[in-house]
Amino acid sequence: MLGWLCLTFGIAFGSAVLPLISIEIFVIGLVTQQPDISWWWIGLAVAVGQVLGKMFYFLAAKGSLRLPAFLRRAEKPAKPGKSPSPWRLRWHARLEWVRLRCHRHPRWMFGTHAVSSVVGLPPFMFTTVLAGLAGMSSWLFISTGMIGRFARFSVLAASPAALAGWLVH
């Protein structure tokens, strides 16, 4: 059982860092193949892995973590006589608008991040970065994310057994 929980933690961590991995599919597969592992332990392993993995994005957005050069976008020098495209100017304006709103209302992020950690909408990756931009405390980010992710993945891990129980009766 410990080996499966360590694997679950590793996949959850990996899915938090590289969002192309689906932890939801892994959890469903795990509980159907290993029904003796408690949904509680699976929810805990996934929550810890997900929140630890998202800490990189949170701390980078907060400015506490300097990304390696290969992960940073190099600023291109402006070409003489050529102004940025209208699309690029609009994108920068929108990003600045979001950044200012986050700094002006950091408490809004608590509710948004809490809902996102349970439901997944808005995407958890998005609210993780916004929480860092808004200056949310690390303690609040970790506790909100852990509670929400635990609730989400505990319910997901318990759902096949619960559904089977309802279908039998």
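1. The model is predicted: local features need pLDDT of at least 70, side-chain atom pairs count only at pLDDT 80 or more, and totals for chains, interfaces and linings use all residues. Residues are numbered from 1 along each chain as its sequence is written, and side-chain values use heavy atoms, without hydrogens and water.

2. Leucine 121 and proline 122 are joined by a cis peptide bond, with omega about -10°. Proline 122 sits in the loop between α5 (108-119) and α6 (124-134); helices are DSSP runs (H or I, at least four residues), numbered from the N terminus.

3. α5 and α6 pack at about 160°, axes 9 Å apart. Axes are lines fitted to C-alpha atoms over the stretch in contact, and angles run from 0 to 180 degrees between N-to-C directions. The two helices are therefore roughly antiparallel (over 145 degrees).

4. In the contact (heavy atoms within 4.5 Å), α5 contributes Met109, Thr112, His113, Ser116 and Ser117, while α6 contributes Phe124, Thr127, Thr128, Leu130, Ala131 and Ala134.

5. The second largest pocket holds about 240 Å³. A pocket is an open set of points on a 1 Å grid over the protein atoms alone, where a 1.4 Å probe fits, with protein on both sides within 12 Å along at least five of seven lines; lining residues have an atom within 4 Å of a point. The volume is the space filled by probe spheres set on the points. Of its 15 lining residues, Glu24, Gln50, Lys54, Phe124 and Arg149 are closest to the centre.

6. In the lining of this pocket, α7 has the largest share, 3 residues.

Key
Angles under 35 degrees count as roughly parallel, over 145 as roughly antiparallel, 65 to 115 as roughly perpendicular and the rest as oblique.
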